[in-house]
Amino acid sequence: MDGTRDTAGDLRTAFIDGATTATAICEAALARITARHRELGAMLAVDGASALRRAAALDALPDRRLAGPLAAVPVAVKDNICTAGLTTTAGSRTLADFVPPYSATAVERLERAGAIVIGKTNCDEFAMGSSSEHSAFGAVRNPWDPARTPGGSSGGSAAAVAAGLVPVALGSDTGGSVRQPAALCGCVGVRPTYGRVSRHGLVAFASSLDQIGPLTLRVRDAAAVLRAIAGQDDADATSAEAPVPDWEAALDGDVRGCRIGVPTHLFGSSLDAEVAAAVSSALDVLASKGARVQEITLAHADLAVPVYYLVATAEASSNLARYDGVRYGHRAGGEGGLRAMYEQSRAGGFGAEVKRRIILGTFVLSAGYYEAYYLKAQRARAHIAAGFTSALAAVDLIALPTSPTPAFPLGERLQDPVAMYLSDIFTVGASLAGLPALSVPCGFTAAGLPVGLQLIGRPFDEATLLRAADAYEGETGFWRLAPSGAGRSGGA
Amino acid sequence: MPAEREDFPIARVAALARLRLSPAEATVYQAQLAHIVAFVSTVTAAAFDGPRPEAGPGPVPGRERADEVSPSLSADAALANAPDASGTPKLVRVPKIIG
């Protein structure tokens, strides 16, 4: 074994049983990162010294069973999630030197569960993008085909897991930024219900949409990580007091009677034929295991992409107003007074996509346009959410492709923002409705590119989502296939 | 009312957003934003009514905490990343505003 398909569960068990040490696990992960760092561009920072110190502390425990449910599991954290003492850039030049004085609640909880934060992953600047090309520190490459994107914005996290650098990574999902890269890289990605995971310490993009979620090789690991990071947090007023069950313990491979709705009316001409075939086969597998697959209609879902880009950019323009070169971030100029300093600092600190979204968001909130665009989008959002609620009254889950296409070539959509935005066509609906959703690998194209099946559930019913995905995964086992660079034979 | 494709007010909006754009950037953004605004305008054409909706996906939990002092970052820690800060206690320095 080269370790690239060791799951979090495998590593914890080996550590608890004394078959290995946390130090050996960390050293192996650090070696894999070193070997593939330049090729993939997945990592922005690696803190080997701290990771090894923490591993040594775990090794020294008198009883390893007390080390936590994620004991000795190396974790990479998307670089828009704060890590105390470790640079957190959000993929932006404006935060190139930002060292947070505190860790995000999700990171603190992971460490409390025994995980070892090993480094930070590359991403689209401020999580704004669907290809991980909008990072100030270079693009991330897809481990299955380095000429293609890994998706985004959590592309570094997805590439790191898919390539086997680490078994677990954290990402953030605003409009699909965990699910879409998970699909394009062939791993599992979960967007929790809005409010399930604290946003404290997550660099804000669009606060009514942002959620932190896990990317893993297997559904079982995602369930364990989600349990570790979920739960109410006094530092985030939008975090919910919902109970946090042991989702992993409830995975029994049984999907009998589960009603799965498929809104095929949304499968337009932009849906790649091979993706459509893989998703259709996945639904056949679920039906063969006893799920009841049926057609449904999702009212107003065709408006989800424009509504999302109105709401998210409005919130982004407000959230990113804080980057003015005063309290933190890049500062430029100073000649010409305070306003000139603001304008020059922001112009020099932000990249093209972030500027584009700030401008759009400022526009839709500005006098004369607010009611026509932002308020209209908020009303439409409520109708889209109601459409999901109505559909989920009749079915337990909704199934869709995660992405309309497999991984696309680097640079292909950079000059056409609308084409890039349409990469999110199947993911933004659940985000707008605040629903839990996940992507699970469901096959490969003829060119060997992974395809993801998306499942969407009712609020705070991650249990049904995870059970169905686990049942499907157990029947197919696509997670065992690794990209050739990861030391294993390529995909089907 | 919705903006026309060809007249996206790039200079006014960039000023509102505190972004200084080069002439070349302004030209590119004007064309791209006009295209994007046309794309999102499908929403403005749709008829939705009803009361003013929540700003988020649902009601925010109405939790309140006790009105008590609790541990927080020190001023020095909070300003440790400021590009130009000094003094005791630490203060940020900005360009002169009043002549």
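Biologist: In which sense, parallel or antiparallel, do strand S2 (residues 74-78) of chain A and S3(A) pair?

Modeller: Helices (H or I, at least four residues) and strands (E, at least two) are DSSP runs, numbered from the N terminus. Strands pair if DSSP finds at least two bridges between them. A:Val77 has A:Lys120 of S3(A) as its bridge partner. S2(A) and S3(A) share 5 bridges, and their sense is parallel.

Biologist: What pLDDT do local features need in this model?

Modeller: Residues count from 1 along each chain as its sequence is written, while chains are lettered from A and ligands numbered from 1 in the order written. The model is predicted: totals for chains, interfaces and linings use all residues, side-chain atom pairs count only at pLDDT 80 or more, and local features need pLDDT of at least 70.

Biologist: Which residue of S3(A) is the bridge partner of A:Met43?

Modeller: Strand S1 (residues 43-46) of chain A runs antiparallel to S3(A), joined by 3 bridges. For A:Met43, the partner in S3(A) is A:Thr121.

Biologist: How many residues of strand S3 (residues 116-121) of chain A are buried?

Modeller: A residue is buried if 20 or more other C-beta atoms lie within 10 Å of its own, exposed if 12 or fewer, and partly exposed in between; C-beta atoms are placed from the backbone. In chain A, 65% of the 492 residues are buried. S3(A) is mostly covered, with a buried count of 6 of 6.

Biologist: What radius of gyration does chain A have?

Modeller: The radius is taken over C-alpha atoms, and the globule rule is 2.2 Å times the number of residues to the power 0.38. The C-alpha trace spans about 65 × 55 × 45 Å along its principal axes. A compact globule of 492 residues would come near 23 Å, which agrees with the value for chain A, 21 Å.

Biologist: Which residue just after H7(A) takes a positive phi?

Modeller: Helix H7 (residues 219-229) of chain A has 11 of its 11 residues buried, so it is largely enclosed by the rest of the structure. Among them are A:Arg220, A:Asp221 and A:Arg227. Just after H7(A), phi is positive, about 120°, at A:Gly231.

Biologist: Which element gives the largest share of the side of chain A that touches chain B?

Modeller: Residues are in contact if their C-beta atoms, placed from the backbone, lie within 7 Å. The contact takes 55 residues from chain A and 46 residues from chain B. Elements giving two or more residues to the chain A side include helix H9 (304-319), helix H11 (352-365) and helix H12 (370-394). The largest share, 11 residues, comes from H12(A).

Conventions:
Two residues are in contact if their C-beta atoms, placed from the backbone, lie within 7 Å.
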